[in-house]
Amino acid sequence: MPALQFNSRSLISPLGIIRLLEIFFSCTAFSLAAVYFLNLNYGAWSMFTWCFCFIVSIFVVIVELISLDAALPLSWQDFTSAFSMLATLMIFTTSIIYPATFIPLCSGTSCGYQIGATIMSCLCFIAYAVEVGLTRAKAGELSNFLITIPGLLKIFEAYVACLIFSLLDNLSFYRYAAGLEWCVFVYSICFILTMVIIILTIGRCLGSLPIPVEKVLIAYNILAVLMYLTVVVVWPYYSFWDRPRSSCNKMGSCAAWNNHLGITFLSFFNLIAYIVDFAYSYKMVFVATPA
């Protein structure tokens with residue numbers, strides 16, 4: 001194990017300053033929200049997001065401050081890149097959900113705290129987005145996979161799938177339609193394979209596999225695009241055929257309709273992500289480095 005060394009330059013570099021801002025903004029956000037915390041699903045999600053990003057950012061700063069990253073049995077660049085992309089997506093979602101849920105219902109002094117938490121959350125999102133931009137591999141630069149655009153897209157695809165699963169949790173009738181069951185299968189298999197790729201990359205195992213990894217990833221992206229193409233047709237057909245929104249006359253049925261609509265949009269987002277992922281992967285393998 002290499003000797004630990006105090007690396008103060010990690011704090012004063014542009015990336016170090018951005019990470020300190022992330023810690024400050026996330027800490028301030030959950031501190032302000034905690035004053036008038038409402039124990040609802042969206043409130044719990046917001047608090048978890050801010051606290052999770054705060055804790056992991058502190059861990060990253062401490063590890064680099066004492067030069068421990070070289071001793072960890074993982075690809076540190078891939079780990080920090082994956083986390084910054086995930087944190088950007090989580091904070092972005094929270095920065096929309098939290099004010100949309102709580103600010104319209106606030107009154108008195110609670111409004112000030114909740115507006116302040118929203119502002120800090122938005123600033124935190126900007127900080128993490130800047131970190132993603134600073135750490136992303138530039139064209140022609142040799143780097144770890146998750147720092148490249150296809151790698152960052154893998155994080156996005158997995159996160160969108162998680163959002164889809166969170167909406168599916170409130171639905172049950174998809175079990176009675178073969179078409180919707182196929183859609184759930186597509187969401188699940190693509191999410192599992194994407195997570196396997198991310199985990200193998202962070203664990204430094206992807207490059208040691210006895211297969212042409214780059215071409216396998218391209219083949220997987222083609223398969224994912226084809227599967228999601230069926231989903232964006234089948235899911236809306238079974239969800240909305242003869243079910244206009246005006247037909248929902250109860251809160252529960254309207255909520256289910258809204259969940260179906262959310263899943264539809266998220267499915268299109270993931271389809272676009274997989275198409276862009278394929279295009280960049282193909283360019284990196286067959287255009288940038290032709291055989």
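Predicted model: local features only at pLDDT ≥ 70, side-chain atom pairs only at ≥ 80, totals over all residues.
The UniProt entry, which is unreviewed, lists residues 20-38, 44-67, 79-100, 112-130, 142-168, 184-206, 218-237 and 257-276 under "transmembrane region". Two of these spans were examined for secondary structure. Residues 112-130 are 100% helix and 0% strand. The end C-alpha atoms of that span are 27 Å apart. Residues 218-237 are likewise 100% helix and 0% strand. Here the end C-alpha atoms lie 29 Å apart.

Helix α2 covers residues 14-35, 22 residues in total. From first C-alpha to last, α2 reaches 32 Å. That is close to the 32 Å expected at 1.5 Å a residue.

Two packed helices are described by the angle between their axes and the distance between the axes. The axes of α2 and α3 come within 9 Å and cross at roughly 150 degrees. The two helices are therefore roughly antiparallel to each other. The crossing of α2 past α3 is left-handed. On the α2 side, the contacts involve Arg 19, Glu 22, Ile 23, Ser 26, Cys 27, Ala 29, Phe 30, Ala 33 and Ala 34. On the α3 side, they involve Met 47, Trp 50, Cys 51, Phe 54, Ser 57, Ile 58, Val 60, Val 61 and Glu 64.

Ser 67 lies in the loop between α3 and α4. Its phi is positive, at about 55 degrees, although Ser 67 is not a glycine. Most residues other than glycine have a negative phi. Ser 67 is partly exposed, with a relative accessible area of 22%.

A second pair is formed by α6 (residues 149-168) and α7 (residues 178-202). Their axes come within 9 Å and cross at roughly 140 degrees. That angle makes α6 oblique to α7. α6 passes α7 in a left-handed crossing. Residues of α6 in contact with α7 include Lys 154, Glu 157, Ala 158, Ala 161, Cys 162 and Phe 165. Their partners in α7 include Val 184, Tyr 187, Ser 188, Phe 191, Thr 194 and Met 195.

Definitions and conventions
Residues numbered from 1 in each chain as written. Heavy atoms only, no water. UniProt positions renumbered as here; feature names shortened; annotations may be inferred. Helix = DSSP H or I, 4+ residues; strand = E, 2+ residues; numbered from the N terminus. Expected span 1.5 Å × (residues − 1). Buried < 20%, exposed > 50% of the residue type's maximum accessible area, 1.4 Å probe, protein only. Axes fitted to C-alpha atoms, helices over the stretch in contact; angles between N-to-C directions. Parallel < 35°, antiparallel > 145°, perpendicular 65-115°, else oblique. Left-handed = near helix turned anticlockwise from the far one by under 90°. Contact = heavy atoms within 4.5 Å.
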